[in-house]
Amino acid sequence: MKATVLATAAAMVGVSAAASHGHRHLHRGLFEKKDTEAVCTPGCTTIYSTITGEPTLLPPAPQTTSSSVISSAAPVPTSSGPILVPTPIPQTCPTPGTYTFPATTVVVTETTTVCGATVTSVPSGTHTLGGVTTVVETATTVVCPVATTETDSNGVVTSVIKTTTYVCPSAGTYTIAPITTTVPKATTVVVPVVETYCPGTYTAPAVVTTVTETSVVVYCPFTSSEAPAPTSAPAVTSAPAPSPSSPAKESSAPAPAPASSSSSSSAPSSAPTGSLGGSGDLWAMTYTPFTPSGECKGASEVMSDVADIAKAGFTTLRVYSTDCDTLPNVGAAARAHGLRLIVGIFIGQVGCDNGNPNVAEQIAALKEWKAWDLVDLCVVGNEALFNGFCTVDQLTKLISHTKSELASVGFNGMFTTTDVVSAWLEKDVAPICSVIDVVATNAHAYFNADTKPEDAGKFVASQLKLVEKVCGKPGYVMETGWPNAGNCNGVACPGEAEQRTAIESIKNEIGPKVVFFSFKDDPWKQPGSCNCEQHWGCAKVFGA
């Protein structure tokens, strides 16, 4: 069915992004879409054509009439106009009091793309926020929608969706035509994003909220009872109306949401019930929902993969980020097959804080999904210290920030970051040790030229012991494995037989404490100097 495109939400700032390369082993782009999204830097030709649609301001102007404190259930909302799609409804509470917002239902009859918004906090200064990034390996021309802003003759800023043709002349990292914003003090800004809603019935449950300041805007988000959640729904539950005064404070107690077939809206927001580690010689497997060409797998493909992983005897999946509908699709498959999850915040080359839109979007996606009964551990950063993406101080602050954000929506589980042993040993990581619950490392014996496949288990175990001593906390290996093809690295030679020998050695030595990397080969990656980067898939070893 042909998609209907509407421009329905406004934004306060424009678009930009940070590169999302992967870690030392070239597992790049773990949170970027790889289908039709391409972005541009100087030297790229950008051609816009505006999609028609009636723009609507978001948030609405606050009510200016005074009123007494509202007792019990007397809502005085102002909305942004007729609801065309299930974007969160902004309701303005003009004075302190208790407000009740009734349930609202929207029926979407065809796939609809709209200009939505996500929220991020930034310090004073000039910022470039939002947008999409990708790494292209050859000259590429792509046509795709992009959310951006427009200002009319009266100075009113709204957000719109535009179709843009990107002519990227050569390999490199490209960014959608960025718009910058300057703020005089720390504030919360709204970034335009493209959102797609599938056909179905969406309901915003009734909400009772008490506000303690004036002109507070409360957002009532929708859940879906017959369709998947939107591809990038904002995780905003409340925000202050634009005002020179200090940020508003409010608390809300939403009524129970209706039953839903999606894990994102049906799962309880509670502390995890699982524990780390396996009971036998197997525990976890890494999983990224990419096809051999690097595009996003659909829900049915993910379900099939996860079924095979479960049959192989694993009890847990580690995912790196939230792109490619990882949370709803992998979450649903894990629930269906009785598996636990290790979730992650992936940090690319730029921006080791919530000011990085990619980081903010991942945190927002986790807050929106909040199926915490599936989650045993959250990993903030994957080799971010080793790659120089974060300093110790930056990573410590980001872990603390993520813990606070996820605790606000019910996650009280364990946190860590993972890195290679050298990063743990060569830096003063005491601040990081103080904010994590367990220590974690990525340990690949193949990259030690003196380690034969049969000795891989002893090598990985020795690496973990070193890291455990650094923080004095229990440790786990978040990545380990052996390539099935590539070049020899000293006595460490890849191959199918060698991979089987190495993995058996790791299982026997330290299996209950490791996450094996990876389930399938990744032909979409560059081969690397070892000619091995595409060949870490080990499903055959486990009979999958």
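Is Glu496 buried or exposed?

1. Glu496 is exposed, at 52% relative accessibility. Here buried means under 20% relative accessible area, exposed over 50%, and partly exposed in between (1.4 Å probe, protein chains only).

2. The model is predicted: local features need pLDDT of at least 70, side-chain atom pairs count only at pLDDT 80 or more, and totals for chains, interfaces and linings use all residues. Residues are numbered from 1 along each chain as its sequence is written, and side-chain values use heavy atoms, with hydrogens and water left out.

3. The structure holds 11 salt bridges. A salt bridge is a side-chain nitrogen of Lys or Arg within 4 Å of a carboxyl oxygen of Asp or Glu.

4. Glu496 and Lys540 form one of them, at 3.9 Å from N to O. Glu496 sits in helix α9 (residues 496-510) and Lys540 in the segment after β27 (514-516), 44 residues apart. Helices (H or I, at least four residues) and strands (E, at least two) are DSSP runs, numbered from the N terminus. Lys540 is exposed as well, at 61% relative accessibility.

5. Arg335 and Asp373 are joined by a salt bridge of 3.0 Å, N to O. The pair links distant parts of the chain, 38 residues apart: Arg335 belongs to helix α3 (residues 326-336), Asp373 to the loop between α4 (357-369) and β23 (375-382). Arg335 is partly exposed at 33%, whereas Asp373 is buried at 17%.

6. In the salt bridge between Lys367 and Glu405, the closest N and O atoms are 2.7 Å apart. Lys367 lies in helix α4 and Glu405 in helix α5 (residues 392-407), so the pair ties together parts 38 residues apart in sequence. Lys367 is buried at 17%; Glu405 is partly exposed at 23%.
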